[in-house]
Amino acid sequence: MRPEPIIETRDLSIRFGGHVAVDGLNLSVAPFVLKSIIGPNGAGKTTLFNLISGQYAPSSGQIFFNGHDITNQGVAKRTRAGIGRSFQLTNIFPSLTVLENVRLALQAKENIGRVFWKHYKAYPELEEKAYDFLRQVMLDNRYRADACLLTHGEQRKLEIAILLALDPKVLLLDEPTAGMSLEDVPAILDIIREIKFKRNRTILLVEHKFDMVMALSDSIAVLQEGRIICDDTPEAVSNNEQVLCAYLGGGVKHE
Amino acid sequence: MTKKISAPETGICPERTNKTIPVMYYQAGLVIFIALIPFLFPSFRVMDVVAKIMIFTIVTASFDLLLGYTGILSFAHGMFFGIGAYSIALILFFAPNPSWVHIPLSIVVSLLVSIGLSVIISFFSLRVKAIFFAMLTLSLAEFAHILGVQWSGLTGGEDGISFTLPSVFNFNHSLGTLFHTEINGRLLVYYLILASTIALFAGLLRFIRSPLGRVLKAVRDNEQRTTALGYKTFGYKLYSIVFSSCTASLGGILFSMWLCYVNPGSVFHTAIMVNILLMVLIGGMGTLYGAMIGASFLIVTENWLPGLLKHMAAFAPESTLVNNLADRWQLYFGILFILVVLFFPKGVIGTIRSQMNLNRQAKQP
């Protein structure tokens, strides 16, 4: 008996002009696992994320979340339903403070965004919670700085803090450690590992660091030219001939 | 993960508690000064300039809410100002026997018209590119101007409408004198403008500091990310447009009451819109207080620069060159404006603020 998948795509395709970026993709993600999506550059990993989070509308096919068809729902609605997203290219609010970046995510969840008669300080618990999230990603000492003044690694951490603050059921992590300095990476890995071991959230991870993916993932889907060529456990994937050809270049034997 | 961590001793954002008291003193001082102006300066000129500064502070601040806080460039803002101005003028002009009831009535009418129009504009054009929105609002504003000129049966055309205010606000209605100053209807309107300005400005301040206003800032900064946090940004932009249009139309009512006269050129003309834009740029976008600086700068120079130049030209009455140069006061205004933009690229308040901000952040570890 396999559990009902939390995210499922059926024959999902998207075309940009003549280029088919995602081609009849059938992906199913079981709840509370960490699934990685790997593949060479241009395989359609980020496009797939954009389809799941709603940034792009598919040319054909369907997307299901918890058994509901969400193909026609907008980004905001999907986020509220519990699909949280971090972006490959840092995507924060540059002229707001670090604390405010996280506080806005918490405020979205509290559903008080339409309150215009109260001062935002009337909700001090939001600021305290936001501060807690910053502490988790070790960014609490920078809470008053404008987000644009952070280093690249710090901005990546902020991105993770925003995502955690959204408290999503499914986290879409698009290369969370891209462009980070080496000493910053373990902290992010610890956070991902912590979420994974609690087993109350599903994580979809796009990552290029092969060893990191192997160590973290419960299962791995390999994408090539918009199709899944293999979807299995890390061990099986690392021994799959087709994958080795596609991912590591032809003719490389894995020892 | 849910360990209870208390905020640092200083409080999470200590700025507010530390700064509240001095800012309040400044505000109170400014209000008292404006309230005393009719008694300090017996000339009507000064009172007139201060009243107009107050009115345009409100109109400009509400425009700043759109441009500086939400990142929407609308050229129809002057139109909403005109809608307010015309609604009270028309109601008081055509009412068989105007009474004070007609003032709240015209407020209700102008608010309803503004809400309706801004909702329609938003649904037609808010989803499209910013440049299209700007063009659409510009053409709509021009349409309103033409309508005001051409529909002379209703609006009096270019000649406009003169009207008298009812009951205590009537300019000929006197309540006696105090400290050699006559307490008449005009003085009461002046205080009405002062009270409304305080209320509306406080309303705008609260609006931008509310959870909703914070979302608007996020929309301006990164709309796509705001959506990915779960905010439907269209609704938020709609709130911003409706709120700012309503505030502008209330400003128009005050303007009309102060002049007791309205014509298309003084409220619907594109020049008004350009002035509002200049005031925001001079004061600083996204500062709200900048509206005060911008309105003061523009209205003071507009009123006194020509006179000042004439006085200077009087020193050389024979020279036609000097006299001609003195007539072109707008030339000097343009130079002044360029200087302000050069020295305060983010507007007066904006530049000072970001400088202070940089100093503060430089001190941090």
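## Domain organisation

Chain A comprises domain 1 (1-82 + 170-179 + 199-255) and domain 2 (89-167), with bounds that come from an automatic or database domain assignment. The structure is a predicted model, in which local features need pLDDT of at least 70, side-chain atom pairs count only at pLDDT 80 or more, and totals for chains, interfaces and linings use all residues. Residues are numbered from 1 along each chain as its sequence is written, while chains are lettered from A and ligands numbered from 1 in the order in which they are written.

Taken over C-alpha atoms, the centres of the two domains of chain A are 28 Å apart. Four residues of domain 1 are in contact with five residues of domain 2, contact being defined by C-beta atoms, placed from the backbone, within 7 Å.

## Helix packing

Helices α3 (residues 98-110) and α5 (residues 152-166) of chain A pack at about 20 degrees, with axes 8 Å apart. Helices are DSSP runs (H or I, at least four residues), numbered from the N terminus; axes are lines fitted to C-alpha atoms over the stretch in contact, and angles run from 0 to 180 degrees between N-to-C directions. α3(A) is therefore roughly parallel to α5(A), a class for angles under 35 degrees.

Residues of α3(A), including Val98(A), Val102(A) and Leu106(A), meet residues of α5(A), among them Leu158(A) and Ile162(A).

## Contact between chains

Chain A contributes 36 residues to the contact and chain B contributes 28 residues. On the chain A side, the elements giving two or more residues are α2 (75-81), α3 and α4 (124-136).

Notes:
Two residues are in contact if their C-beta atoms, placed from the backbone, lie within 7 Å. Angles under 35 degrees count as roughly parallel, over 145 as roughly antiparallel, 65 to 115 as roughly perpendicular and the rest as oblique.
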